[in-house]
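Subject: Structure handover

Hello,

Here is the structure I promised you. Please open it and keep it on screen while you read my notes below.

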Amino acid sequence: MKKTLLLLLISLFVLQSCVINSEIVYHKDAASTMLTDIDMKEFIKEMKAMTPDSLQNKKEFGDMDKLPTTWTSIYELEKKEGKTTKDPDSLRIMKKIFMKSAKENNEPVGFSLKLDHFTQTDYKALNNFTKQETLPLEQNIYNLWDGKTLTIDTNNFNLKSLKEALSKQSPDGQSEAGDDGKTEGMMMMFFKKIETTLKFEGKIKSITGQHDWLKQVDDHSVKIEYDLKKMFDKDAKLQNADKKIIIVTE
């Protein structure tokens with residue numbers, strides 16, 4: 001599974017037209033569900049055009065092709081590989097994280113990742129779990145949600161998990177840890193658009209605080225549109241950049 005996840009992450013940084021769409025649904029029982037869709041269609045197309053034989057024969061691409069097209073938990077993926085863990089927190093988390101591939105003409109064109117109905121306790125366990133497994137997580141999952149009020153720490157308006165994944169492991173398997181400038185440059189060059197929609201089961205009653213990247217879409221949702229240039233430019237100024245944004249729902 002680690003190879004599959006690594007290839008997924010690598011793909012994000014080699015596709016110039018890459019668009020990542022994430023959605024976090026906030027449930028009234030104080031849990032939340034995250035879904036991230038990653039379109040790799042152009043990446044696969046370009047790789048085939050450049051090195052078709054290599055694409056078909058490389059074992060890691062074969063691993064990607066084996067990822068199920070229906071939601072399958074990381075627990076089940078690990079179990080198929082004969083891997084087990086006895087840590088109860090890790091087991092609980094692995095059974096609530098799902099992956100699937102998207103295919104066209106029987107070939108993979110994308111990936112999806114889902115964190116299903118996570119509680120605040122689950123997110124604390126997830127922090128420990130991700131020290132071993134690299135996952136392309138939307139950092140805003142760690143904001144506080146009590147079933148009615150979402151307190152957004154705008155420091156979470158970042159791509160920390162993706163950046164760390166690229167820093168730890170490059171495509172040739174060599175560590176690039178510590179080379180922040182190189183990593184940030186790659187991200188600015190290759191990402192086209194990254195958006196995250198925050199949806200609420202209840203109607204939004206009020207929003208306190210403002211940020212240039214967050215806009216209300218309708219009565220039940222707001223959208224975060226990341227500006228990579230401003231994110232990595234220390235001299236960039238935002239018109240609105242409150243540290244906390246509080247969304248209260250009915």
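Start at the hairpin of S4 and S5, which has two residues between its strands. There, asparagine 105 takes a positive phi near 55 degrees. Please remember that this is a predicted model.

**Strand S5 and its partners**

Strand S4 covers residues 97-104 and runs antiparallel to S5. Eight bridges join the two strands. Look for glutamate 104, whose bridge partner in S5 is glutamate 107.

S5 also pairs with strand S2, residues 32-39. These two run antiparallel as well, and seven bridges join them. Here aspartate 39 stands opposite glycine 110 in S5.

Why is strand S5 largely enclosed by the rest of the structure? S5 spans residues 107-118, and nine of its 12 residues are buried, so the strand is largely enclosed. Buried here means under 20% relative accessible area.

**Salt bridges**

Now turn to the charged side chains. Side chains of opposite charge can pair when their charged atoms come close. How many salt bridges does the count come to? It comes to seven.

- Lysine 83 and glutamate 81: their side chains meet at 3.1 Å, N to O. Lysine 83 is partly exposed, with a relative accessible area of 40%. Glutamate 81 is partly exposed too, with 42%.
- Aspartate 89 and arginine 92: their side chains meet at 3.0 Å, N to O. Both residues lie in helix H6, residues 88-94. They sit three residues apart, about one turn of the helix. Aspartate 89 is partly exposed at 38% relative accessibility, and arginine 92 is partly exposed at 29%.
- Lysine 203 and aspartate 219: the closest N and O atoms are 3.9 Å apart. This pair links distant parts of the chain, 16 residues apart. Lysine 203 is in the loop between strands S8 (191-200) and S9 (204-208). Aspartate 219 is in the loop between strands S10 (214-218) and S11 (221-225). Lysine 203 counts as partly exposed at 36% relative accessibility, and aspartate 219 counts as partly exposed at 42%.

One last item is a network. Salt bridges that share partners join Asp89, Arg92, Lys96 and Asp122 into one network.

Best wishes

Note on methods. Residues numbered from 1 in each chain as written. Predicted model: local features only at pLDDT ≥ 70, side-chain atom pairs only at ≥ 80, totals over all residues. Heavy atoms only, no water. Buried < 20%, exposed > 50% of the residue type's maximum accessible area, 1.4 Å probe, protein only. Helix = DSSP H or I, 4+ residues; strand = E, 2+ residues; numbered from the N terminus. Pairing = 2+ DSSP bridges. Salt bridge = Lys/Arg side-chain N within 4 Å of Asp/Glu carboxyl O.
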